[in-house]
Amino acid sequence: MAERAALEELVRLQGERVRALKQQKANAEQIEEEVAKLLKLKAQLGPDEGKQKFVLKTPKGTRDYSPRQMAVREKVFDVIINCFKRHGAEVIDTPVFELKETLTGKYGEDSKLIYDLKDQGGELLSLRYDLTVPFARYLAMNKLTNIKRYHIAKVYRRDNPAMTRGRYREFYQCDFDIAGQFDPMIPDAECLKIMCEILSSLQLGNFLIKVNDRRILDGMFAVCGVPDSKFRTICSSVDKLDKVSWEEVKNEMVGEKGLAPEVADHIGDYVQQHGGVSLVEQLLQDPKLSQNKQALEGLGDLKLLFEYLTLFSIADKISFDLSLARGLDYYTGVIYEAVLLQTPAQAGEEPVGVGSVAAGGRYDGLVGMFDPKGRKVPCVGLSIGVERIFSIVEQRLEALEEKVRTTETQVLVASAQKKLLEERLKLVSELWDAGIKAELLYKKNPKLLNQLQYCEEAGIPLVAIIGEQELKDGVIKLRSVARREEVDVRREDLVEEIKKRTSQPLCIC
């Protein structure tokens, strides 16, 4: 070991010699000679078995976020949280991992995407897949039967990531849920109203919310002749209709899942229909579907839901779509999904969906799965697909080449002459104590021009300039960076003046 350490030291010294010669621009022959000596020493050193090449990268399906990206994210989160609070929600949090048995059997075919953790202390754990199952566990554990809550946190899925489309293995979900025994469809209608408010506030363009009901789907499968044991797996096939053609879905049903071709065709007659309340009324008259108790209940509730959506003035944003299935096993009633619409290229064509940005539904049986006595707590909720929204907002800002402020600094404390560091420190401290977001440059005697340039680059709107004359007069020169106008403000009035000038909210979206 001592020999190797000595050799490593020789390599280090020789390396420094080579670098010094290059900096001194010594002649090429001399540099070449010293490089040869360095390589010879390195050859004697041999490969270091203890050191492995380290690749600097984030794990697959994850990413870092720059200050600019975080500024956009915070603005989007503010819009969402303000809406949740406006509708009376409380906030909760749950652990990032749960007991494996808590998550097992709740997600249908998607269960294979759960991240399992190694046994570290006598418990088998998994990273949370969503925020809904932990919420149901929280309700059962705390014996809660009534709560309106929101929860914004990261979830984890061992999925094939598509980063450019906002699909990750680690990502945020923004959930809003109403738990409790209430009259039908009132909480469900409010969830759809919240979706509309958030998507409208974020100005993402035109959107449509597709609505269906699990009971209608199950009734449809029953009258079409799907065996009970295949309901969930056929449901997950139908759920792919927004991404692939009916023919591909039919081939999967028949070829992979063993459904009879005529049964698949019968399903196809239904799932390719979409419309408004008139389609609900049409299906209530359907000779087969109207004979199925489950489907009849679902259609009755959807008719009532459309009445409430009309009162909320959002019925024009909602489409009853029989192809919407939502693959998760825990849904029991109304289900919905919001998609952004692309403007059609030709007049008269229907708008095309370009991706889901929010989804949710009713899950009345989930809490009962955790309760020792099987007591059910009816629940309905929604989840905003923020990662997709972030991608869209970022792309829009890049296309517009808009500058995004990454700090909220209201004022920079600057000096016009040298030897005023103490005065700058005293003033910035006064401003901080008064709740003003303030900065100063970390130099004893910065040039005024450099201080003003920093403000322009960082988007800081105001500069509080201290000079020898201002100190004598008891004033501070307050400069507007954008207008390049200066006014003298009495020191005791400075905080109020800064607050008055920076009271306008910042807008990133």
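In β4, L125 is the bridge partner of L117. Helices and strands here are DSSP runs (H or I of at least four residues for helices, E of at least two for strands), numbered from the N terminus. This is a predicted model: local features need pLDDT of at least 70, side-chain atom pairs count only at pLDDT 80 or more, and totals for chains, interfaces and linings use all residues. Residues are numbered from 1 along each chain as its sequence is written, and side-chain values use heavy atoms, with hydrogens and water left out.

Now select β3 and residues 125–127, which form strand β4. Two bridges join these strands, and they run antiparallel. Two strands pair if DSSP finds at least two bridges between them. Widen the view to the open sheet of three strands, in the order β2-β4-β3 with antiparallel pairing. Its edges are β2 (97–99) and β3 (116–117), each pairing on one side only.

Select residues 147–156, strand β5. Seven of its 10 residues are buried, so β5 is largely enclosed by the rest of the structure. Buried means under 20% relative accessible area, exposed means over 50%, and partly exposed lies in between (1.4 Å probe, protein chains only).

Which strand pairs with β5 in the parallel sense? Select residues 90–91: this is strand β1, joined to β5 over two bridges. Here E90 has R149 in β5 as its bridge partner.

Pick Y150, then F176 in β6: they are bridge partners. While you look along the strands, recall that in a regular strand the side chains alternate between the two faces of the sheet.

**Stop three: β7 and β10**

Select residues 207–213 for strand β7. Seven bridges join β7 to β10, and the two run antiparallel. At D213, look across to V334 in β10, which stands opposite. Then select all of β10, residues 334–342. This strand is mostly covered, with seven of its nine residues buried.

**Stop four: a methionine in a helix**

Move to helix α7, residues 214–224, and pick M220. Is M220 buried or exposed? M220 is buried, with a relative accessible area of 0%.

**Stop five: salt bridges**

How many salt bridges does the structure hold? There are 32. A salt bridge is a side-chain nitrogen of Lys or Arg within 4 Å of a carboxyl oxygen of Asp or Glu.

Select R86 and E197, whose side chains meet in one of them at 2.9 Å, N to O. R86 lies in helix α3 (residues 67–86) and E197 in helix α6 (residues 186–201), so the pair ties together parts that are 111 residues apart in sequence. R86 counts as exposed at 52% relative accessibility, whereas E197 counts as buried at 17%.

Go on to D364 and R362, a salt bridge with its closest N and O atoms 2.8 Å apart. D364 is partly exposed at 24% relative accessible area, and R362 is buried at 14%.

Then pick E492 and R490, which meet at 2.6 Å, N to O. E492 is exposed at 54%, while R490 is partly exposed at 47%. For a network of salt bridges, select E9, R12 and E16.

**Last stop: the five-stranded sheet**

Find the open sheet of five strands, in the order β14-β13-β15-β16-β17, with mixed pairing. Its edge strands are β14 and β17 (485–490), each pairing on one side only. Inside the sheet, select β13 (residues 411–415) and β15 (residues 462–466). They run parallel, joined by five bridges. Here L412 has V463 in β15 as its bridge partner.

Finish in the loop between β14 (438–439) and α15 (448–458), where K447 is found. K447 is exposed, with a relative accessible area of 61%.
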